[in-house]
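Here's a quick briefing to read alongside the sequence and the 3D view. Have the structure open and follow along, starting with a pair of helices and moving on to a sheet.

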Amino acid sequence: MSDFYKIGQVIEVRGQKLRIRVFENKNSNILIYQGHVIKNVSVGSFVKIPKGFSNIIGRIEGEYIQETKPTGNVSDCLRFTKESETIDRIIEVNIMGVLNDGRFQRGLIDIPLVFSGVYMLTDKEVGKIFEFSSNLATAVCIGAINDYKEEKLYISANSLFASHIGIFGNTGSGKSNTLAKLYTECFHRFKEMPGFSKSQFLLIDFNGEYTEAFDASKKVYKLSTRVDTGDQIPIHQSFLEDVELWAIICEATEKTQKPFLSKSIDLYRKLREAEALMRYIRAMMKNLLIRYYDNPQTFLKQLTGLKTILSLLFVNAEPGIKILNSIQLRAQGTKFYRLTEEGEHWANSLDDYEKDFVTAVLDAVFIEANYKQVDEYLIFEFALRYKYLDSLCSQYISEEHVGPLISRFDNRVKRVKRLFTICDNPPSDWLSVYSLVDVNMEFKKIVPLIICKYFYERQRQNFNGHSLHIIIDEAHNVLSTTSERESQTWKDYRLETFEEIIKEGRKFGTFLTISSQRPSDISATIISQLHNYFIHRLVNNEDIRAIGKAVAFIDNTSYEMISVLPQGACIFTGVASNFPVLVQVDLLPKQKRPQSNTINLTDLWSNP
């Protein structure tokens with residue numbers, strides 16, 4: 001190599017740390033070589049120290065000046081004749097690896113000797129160091145490397161997307177653009193490949209920023225708990241059989257309400273397995289109505305509930321409800337009585353009661369010609385309400401203990417129906433964006449949990465070599481460890497679900513990408529299990545400390561830069577990189593950019 005590239009010599013070796021004295025003629029900001037302007041080394045740049053047939057590569061972490069005192073030797077007297085010549089520029093270098101036969105190997109493989117020559121790198125050598133992918137055809141370009149603007153950062157798609165990814169940064173730091181850039185590049189480069197359909201991508205979008213981003217063929221679900229006109233997520237019927245989810249939706253207590261829910265779901269399963277559903281339900285209703293004969297007062301208390309469950313059936317329930325309304329209690333509330341066109345009917349015996357009251361109601365309701373299409377939600381609700389009336393009648397439960405659960409179910413099942421539709425074979429869209437901007441706070445944590453749990457369970461149980469990629473923007477909304485508006489049981493279940501995905505998901509081809517403003521709010525277990533990190537500007541000390549404790553791949557120099565990164569710049573580190581890299585992420589075209597730009601107030605105020 002030309003002596004022009006030689007900038008100094010090693011003066012101290014302490015393990016991985018080196019001190020290098022820079023030659024006086026190599027202290028300017030730029031150097032001119034053969035008519036070309038070359039940027040001189042500075043903090044963040046790389047240098048090489050030849051040793052044998054290899055080149056030891058180091059990264060400059062700091063620099064300072066040092067005054068050198070004469071020793072009395074003649075050579076020193078000749079050298080330090082001027083005051084300016086008593087000052088040396090010293091750079092501190094950390095060994096990163098070795099460049100050998102055109103390939104960069106990370107790690108402390110060799111150590112240079114004192115007085116070894118130190119050289120700048122050529123453009124080709126810089127490219128080899130940042131060659132994180134051996135095959136550019138299977139790599140994605142993220143942006144330009146800050147210290148070497150002419151170099152683009154290419155990352156192996158396999159190392160990046162077959163991993164758990166974390167994107168962190170304060171609002172306005174560029175993390176939304178980074179998330180969109182990663183997956184836009186992925187779809188653009190690989191979507192047309194014949195096997196790309198074997199991968200499925202789900203994006204949980206809390207603020208509705210990504211409805212116009214990515215690919216035009218994506219499926220967008222604009223969810224709403226406020227109106228019935230929002231989109232519905234197709235989901236398999238097994239969702240209704242998840243006791244834990246219904247316990248969370250209805251805030252069921254552990255000791256009394258959750259066991260009741262479990263028994264109700266057992267009844268729902270029996271209903272689904274029944275060969276003749278309506279005949280089975282008729283027999284259930286007959287059994288319940290007959291039991292009121294010995295306890296007429298219970299009949300009065302449960303009359304409203306009886307009319308409700310009749311209205312849930314897939315028939316015209318009005319004739320049966322009319323008969324129920326005509327039933328009275330006489331003889332001091334001990335006998336059933338009803339008046340019809342045929343005359344008076346008294347329940348003087350169980351046979352009379354069964355014939356003139358029970359059978360009359362059931363015959364008016366269960367008319368086969370009037371049967372309608374079965375609805376899974378109504379079967380589930382019927383099972384729950386029937387179990388409630390049946391258990392009260394048997395005195396297995398207390399109304400004051402389980403009644404509040406039924407009230408909460410009444411309120412929340414309406415929102416569940418607005419959000420989810422039951423399908424035998426839900427479609428598998430290759431890219432689905434779930435916008436939660438119109439979902440209330442109560443369901444903003446529940447809906448992502450249901451979506452992620454459902455698709456992960458399906459992937460785990462039917463794993464066939466395909467991949468599932470779950471992307472959560474503003475992940476602190478659902479992965480927070482500090483929420484005070486939910487029970488400890490619900491919080492534990494929520495975190496355990498996502499921790500299982502991040503711990504075990506890789507074995508089943510499931511990979512999680514999270515983006516958040518507040519890494520300190522997210523479970524430390526989740527952050528520490530991520531494989532690749534894109535760290536934008538963070539100014540909160542708790543967030544910076546959370547990154548420092550959880551990210552093993554970050555060095556001190558990169559860690560200290562987190563709070564002063566410019567917009568759009570991030571530190572990329574992880575298993576897909578040889579070392580932490582400061583990269584300026586390319587800004588996407590406006591039509592593909594997330595809708596997260598800061599409003600321009602002066603333009604707003606200037607225009608009428």
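Helices α7 and α12 cross in a left-handed way. Keep in mind that you're looking at a predicted model. Two packed helices are described by the angle between their axes and the distance between the axes, and both come up below.

**The helix pair**
- Look for α7 at residues 277-291 and α12 at residues 376-393: their axes come within 10 Å and cross at roughly 20°.
- Angles under 35 degrees count as roughly parallel, so α7 and α12 are roughly parallel to each other.
- On the α7 side, the contact is made by L277, I281, M284, M285, N287, L288 and R291.
- On the α12 side, I379, F382, Y386, L389, D390 and C393 do the touching.
- Sort the residues of this contact by type and you get 10 nonpolar, 1 polar and 2 charged.

**The sheet**
- Strands of a sheet pair through backbone hydrogen bonds, either parallel or antiparallel.
- Here, 11 strands make an open sheet with mixed pairing, running β11-β10-β25-β24-β23-β12-β22-β21-β13-β20-β14.
- What stands at the edges? That's β11 (148-156) and β14 (219-224), and each has a single partner strand, so one side of each has no neighbour in the sheet.
- From one strand to the next, the twist averages 25°.

- Strand β10 (residues 139-145) pairs with strand β25 (residues 581-585) in the antiparallel sense, over 3 bridges.
- To zoom in on a single spot, find A144, which stands opposite Q584 in β25.

Technical notes. Residues numbered from 1 in each chain as written. Predicted model: local features only at pLDDT ≥ 70, side-chain atom pairs only at ≥ 80, totals over all residues. Heavy atoms only, no water. Axes fitted to C-alpha atoms, helices over the stretch in contact; angles between N-to-C directions. Helix = DSSP H or I, 4+ residues; strand = E, 2+ residues; numbered from the N terminus. Parallel < 35°, antiparallel > 145°, perpendicular 65-115°, else oblique. Left-handed = near helix turned anticlockwise from the far one by under 90°. Contact = heavy atoms within 4.5 Å. Nonpolar A, V, L, I, M, F, W, Y, C, P; charged D, E, K, R; others polar. Pairing = 2+ DSSP bridges.
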